[in-house]
Amino acid sequence: MTRHRVAAVVDLWNGELVPVVAGTTKLVLAKLDDTIHAYADRCPHLGSELSRGMLDGKVLTCTSHHWEYDVATGAGINPKHVCLVRFAGTIDHGSVYVALP
């Protein structure tokens, strides 16, 4: 695993979706209750950018076809049989890091 610095914590607001790039991987970050959640910025359905979606509480909704995901876990809500590609996000000394294989 390689750890990439992708943002400063002060640049992320709770409840906000932020697109970032780590190496060559496009990611979407969501900060909830001071915890960073990092996913591939790609909906499993048709590959739409999740960072263009809407976040309501813990529900991330893709704008293309309104598929919904639990942003805290990456699990599908509607439909339930899908999940997001998750990466480990951490905060260290005011910076946000994501670990990629």
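Cysteine 62 sits in the loop between E6 and E7 of this predicted model. Cysteine 62 is buried, because its relative accessible area is 2% and the cut-off for burial is under 20%. Leaving out residues up to four places away in sequence, cysteine 62 touches Cys43, Ser48, Leu50 and Trp67. Its C-alpha atom is separated by 13 Å from that of tyrosine 39, a residue 23 positions away along the chain.

**The loop from E6 to E7**

Histidine 66 also belongs to the loop between strand E6 (59–61) and E7. Is histidine 66 buried or exposed? Histidine 66 is exposed, because its relative accessible area of 53% passes the cut-off of over 50%. Its backbone deserves a look too. Histidine 66 has a positive phi of about 65°, although it is not a glycine. Most residues other than glycine have a negative phi.

Strand E7 covers residues 68–70, and glutamate 68 lies in it. With a relative accessible area of 25%, glutamate 68 is partly exposed. Beyond its neighbours within four places in sequence, glutamate 68 is in contact with Val59, Leu60, Thr61, Gly76, Ile77 and Asn78. Strand E6 spans 59–61, and strand E8 spans 76–78. Glycine 53 is 15 residues from glutamate 68 in sequence, and the two C-alpha atoms are 9.7 Å apart in space.

The bond from asparagine 78 to proline 79 is cis, with omega near 5°. Most peptide bonds are trans. Proline 79 itself lies in the loop between strand E8 (76–78) and strand E9 (86–92).

Histidine 93 lies in the loop between E9 and E10. This residue is not a glycine, yet its phi is positive, at about 50°. Histidine 93 counts as exposed, because its relative accessibility is 80% and the cut-off is over 50%.

Serine 95 is found in strand E10, which runs over residues 95–100. Is serine 95 buried or exposed? Serine 95 is buried, because its relative accessible area of 9% is under 20%. What does its side chain contact? The side chain of serine 95 makes a polar contact with the side chain of arginine 5, at 2.9 Å. Setting aside residues up to four places away in sequence, serine 95 touches Arg5, Ala7, Ala8, Val9 and Thr90.

Serine 51 is found in the loop between strand E4 (35–40) and strand E5 (54–56). Serine 51 counts as buried at 16% relative accessibility, because the cut-off is under 20%. Its side chain makes a polar contact with the side chain of aspartate 41, at 2.7 Å. Leaving aside neighbours within four places in sequence, serine 51 is in contact with Leu17, Pro19, Val28 and Asp41.

The accessibility values can be set side by side.

| Residue | Relative accessible area | Class |
|---|---|---|
| Cysteine 62 | 2% | buried |
| Serine 95 | 9% | buried |
| Serine 51 | 16% | buried |
| Glutamate 68 | 25% | partly exposed |
| Histidine 66 | 53% | exposed |
| Histidine 93 | 80% | exposed |

**The whole chain**

How many helices and strands does the protein have? The secondary structure comes to zero helices and ten strands. In sequence order the pattern reads β-β-β-β-β-β-β-β-β-β. The radius of gyration is 13 Å, close to the 13 Å that the globule rule gives for 101 residues, so the protein is as compact as a globular protein of that length. Along its principal axes, the C-alpha trace spans about 35 × 25 × 20 Å.

Buried residues make up 46% of the 101 residues. Among contacts between residues at least 6 apart in sequence, 41% join residues at least 24 apart.

Conventions. Residues are numbered from 1 along each chain as its sequence is written. This is a predicted model: local features need pLDDT of at least 70, side-chain atom pairs count only at pLDDT 80 or more; totals for chains, interfaces and linings use all residues. Side-chain values use heavy atoms; hydrogens and water are left out. Helices (H or I, at least four residues) and strands (E, at least two) are DSSP runs, numbered from the N terminus. The radius of gyration is taken over C-alpha atoms; the globule rule is 2.2 Å times the number of residues to the power 0.38. Buried means under 20% relative accessible area, exposed over 50%, partly exposed in between (1.4 Å probe, protein chains only). Contact means heavy atoms within 4.5 Å. A polar contact is a pair of N or O atoms within 3.5 Å; within protein, one must be able to donate a hydrogen and the other to accept it, and residues adjacent in sequence count only if both atoms are side-chain atoms.
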